[in-house]
Amino acid sequence: VDLYMMNCELLATCGALGYLEGDTYHKEPDCLESVKDLIRYLRHEDETRDVRQQLGAAQILQSDLLPILTQHRQDKPLFDAVIRLMVNLTQPALLCFGSVPKEPSFRHHFLQVLTYLQAYKETFASEKAFGVLSETLYELLQLGWEERQEEDNLLIERILLLVRNILHVPADPDQEKSIDDDASVHDQLLWAIHLSGLDDLLLFLASSSAEQQWSLHVLEIISLMFRDQNPEQLAGVGQGHLAQERSTDVAELEVLRQREMAEKKTRALQRGNRHSRFGGSYIVQGLKSIGERDVIFHKGLHNLQNYSSDMGKQRRRVPKRRQAAQELSTQRSALNVRLFLRDFCSEFLESYTRLMGSVKDHLLREKAQQHDETYYMWALAFFMAFNRAATFRPGLVSETLSVRTFHFVEQNLTNYYEMMLTDRKEAVSWARRMHLALKAYQELLATVNEMDTSSDEAVRESSRIIKNNIFYVMEYRELFLALFRKFDERCQPRSFLRDLVETTHLFLKMLERFCRSRGNLVVQNKRKKRKKKKKALDQPSASNNIPCSLEELEATWPALAEQLLCYGQAPQLSLDSVVPFDAASEVPVEEQRAEAMVRIQDCLLAGQAPQALSLLRSARSWAFGVGRTSHSVGPGESFDWFVVIPTFSIGQQGPEEQGAEEEDEEEEEEEELQVVQVSEKEFNFLDYLRRFACSTVVRAYVLLMRSYKQNSAHTNHCVVKMLHRLAHDLKMEALLFQLSLFCLFNRLLSDPAAGAYKELVTFARYILAKFFALTAVNQKAFVELLFWKNTAVVREMTEGYGSLDGGSSSRRPPMWSPEEEAQLRELYLAHKDVEGQDVVDAILAHLPTAPRTRKQIIHQLVRLGLADSVKDFQRKGTHIVLWTEDQELELQRLFEEFQDSDDVLGHIMKNITAKRSRARIVDKLMALGLVTERRELYKKRRKKLAPSSSPNGEESLKNFCKEDTEEDNLSEEKSEEEEEEDLGADQAQGSSVLPTEDLGQNLHQEGFSAPLLWLQNCLIRVADDREEDGCSQSVPLVPLTEENEEAMENEQFQQLLSKLGVQPPASGQETFWRIPAKLSPTHLRRLAASLSQRKEEEKLQPELELEIHGEQGPGEEHRAQALRALLLARKKKAGLASPEGATDGKEQLKAAPKKRQLLDSDEEQEEDEGRSKEVGAPGIQKKKRFHIEDEDE
């Protein structure tokens, strides 16, 4: 479709607007309806914006809408409609298309719309159009808030949007090929705004507290007005500064004149006295051509110095995605426009604080649109720079001169930096926003630096406070390093690098001066400590103790049999909520059948007989697939199935298989946790400067130095100063020994205008002198020119290769010779089966060759195939595994020596020879029988507890902690206090446990077995949740069945709840009984165990006594030992086993700390095997998981 051929309906609508006769516009009677129809057409245009293009091609805005706006202003409905239409027509092309299209067809439409917008902007550059807008806006602002209607506010907003749209149109570089001080279309537009008085209305909106709702619109318009201006140059406009501008222009012309004269002189020298058509052919010795022969040169000798192998070759085309980012071209405005803008800036600074505060409030309350913070940061950078360059008055910009502003800019800068790295499609847009944030950060630093030179003591003190805060926080210091390391010239222009270099120069200068004035500076230091944490398994922790061997299953079966016989007589236990099979699931039936058998087996082995029975009855029709389709399966039949299920092999992974699977999928099963450790340290400026001594930073500086001709004198000074810091202050001249930099030095030294770059020339000669001095000692320095270097290579170049053998981890480790590999293999095979020692440590002790690190030996063992993974050699538990006889005697002697002191354990740990963790020493003391309880090893306080002061011991514990004047490790105190609190609570509430058992037995006899089981499960579930989450809150007991509701209304059941410590509902506020938050997980488990323990023990105890006193065959003796182990395990789970009755299991009855971690330990495996042998249980030949205290690390 030809867009220049207008649609007939659109053409008819435009014709019904009116016509222009001379300078007078005659509107048609249907003019208002036609304008509304055009708005409607624009609302339904297609993705190519065809209606917008047809209206632009017909020049409707220039020939109809603008005359209607200026000549028919008194017709208010028509005026409002025309403003609406013009706002729609002039909206930016980026808003119309969303982004710059990449397809050629859509890109053509985008450029066409942009062309029409540039024509609109040129038409609006008249005083008449802006005069009408200014008068209308003035009349609307005269109305008070009580007289202003909603339509008036809409018209104010549309006028501001129209001005914004016109100013937003970019300049056409092909049409506006003007020079500096020439008036562009944008300058004409600004002058029209000035003549119409609209600039005064903008100042009024910025300063009025009653017009805060327009603050973001005003700031956006002002930012577009000053789009091409330089604040420092703008502040210098005036009669006194014209000479400075002239001198700058003269200096630039002088440099160009010197280059031109040098080129003329070179051409004159190349021209011989006698012309000859035969230039001659020459052989260049030492320079090889494509073959093995020397190069033949067919031109005159005067052209030999310009010879290159690339001569005559076509330059390779750089792909678009690798091209450098384009710079935005700017030009200096006309003098009268700059004078007007300078006066506007001076007046705007009076209302700067109020407007910026209002905009910041809109941003923090999220009342602004997306990315509106960029206008805030632009205004901050521009007007603070103008204030600093004109008459520096810090009070005018006090709103944005604070640590909060530094933090706001730094946060946005970091956010833009991260988004540029992640959102690669919009990387250029994020880079522009990052440039604005960097300019704001640079201006904040420059203003603080200017405050140091103020004559006012209060201003200097404010500057000192701000610098103290900025230099203390680590993020402000690390910001520049991150920006240098991720600089990408494909999306970040050269101007960004220039501002980054200048900002870094200013920051380093301020930091160095601050360090010298302070003497010593303490700063914040953050270190990320990475922990690898195993993901929690889906099974609860209790499943770790499920027996897996056939002997253990047989040992646990008698207790399960009695429970199943008891519950099997109650068919009402079949729970409707148990659904083991889902026909709509995507999981195959075979997998669901196996999963059901796993669940039944887990319930049986965990002692949950009712749940196992309910699952079996629900799954009986399909789960086992052996013809059991009858729905009337009796208890006996179910019991026969339970005999088979516990010993049935279901493909359920045991600990060994799970461990192997975890090793295979260690990348998926391990997640890294970063813990930020905050500390303070004394700041060293040279150490901070060494962070910049890397190839990425040097490469960025060299990239900017290549354009030294286009750089300003200040930019070149910043580049040279940083490179001089690295070369001279850090003694790392070799860091700059790079061939591309030397080529740049060669171009600089041969530049005819080199006299204008004295600092660069001096530095180049200094680096070259250092290089040639090094080549006299190290001939390999010529080869090192080809590579960018790090600090380790620099040190080797200057101090000699191999000088880092003692310390540098970045150096490649030495190669292993065949003899060394044979020795390593022999030592590994000799020591791998020795128990009680670390294989790698033994190899290190007996390796006769050059010293190797532990890491190198482990990696070499893996390479040789002697080990599967590096993790096979990880140190597990403590370094010392077994206690020798001498160490046990030493421990006993130390205990006898310090047993009367206040801190027995602390003195033992300080004086023991073989250093071990607290937990290992406590375990050994209890194993030797020196102590019977952990409490005997607690620190003795100076003021004893008063048990009568508080029944639960909590208040006395607080006073106890307050009176403690001895300093101790924080983690040790916390663990001891938690254990004491648990024990104190258990002792204080121990009186409620025994009556609970009697009440529970009475309720069992009265038929409340199911509610008691429900209550027991609730207590166990809450205990598990509190142990996992680490926090406690009251949990309501919500009965969901009629039987549980009746039990909750029973007086005896309520009395049991009160005895357990469950809180009754508050009158008028709560409905259910609640488990209070103060009950610890250990106490909750004991309460749950007290509900059923006596009954189960009575069932198990007769069997145990009969089997023990019978003295039958070895098989029966084995069964009796298994029953004794099962009873001991149940007592351990309940936490009620006394030390007298279970002396063989003392080590199993230790109270577990709150924080635990799953670790594998050879020592604990051996201890567990020893315990199993003591109680007579069969040893399990596998590695078990145990809960170890955090202190074992």
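**Aromatic pairs and a buried threonine**

Hi everyone, let's start with Phe383, which is buried, with a relative accessible area of 0%; buried means under 20%, exposed over 50%, and partly exposed in between, using a 1.4 Å probe and protein chains only. A quick word on the source: this is a predicted model, where local features need pLDDT of at least 70 and side-chain atom pairs count only at pLDDT 80 or more, while totals for chains, interfaces and linings use all residues. Residues are numbered from 1 along each chain as its sequence is written, and side-chain values use heavy atoms, leaving out hydrogens and water.

Now, how many aromatic pairs does the structure hold? There are 33, where rings of Phe, Tyr and Trp (its six-membered ring) pair if their centres lie within 6.5 Å, with planes under 30 degrees apart called stacked, over 60 edge-to-face and the rest tilted. Phe382 and Phe383 make an edge-to-face pair, 5.3 Å centre to centre with 75° between the planes. Phe382 is buried too, at 4%. Both belong to one aromatic cluster, whose members include Phe226, Tyr352 and Trp378.

Next, Thr48. Its 17% relative accessibility is why Thr48 counts as buried. A polar contact of 2.9 Å joins its side chain to that of Asp46; such a contact is a pair of N or O atoms within 3.5 Å, and within protein one must be able to donate a hydrogen and the other to accept it, with residues adjacent in sequence counting only if both atoms are side-chain atoms. Leaving aside residues up to four places away in sequence, Thr48 touches Gln53, Phe97, Phe106 and His109, contact meaning heavy atoms within 4.5 Å.
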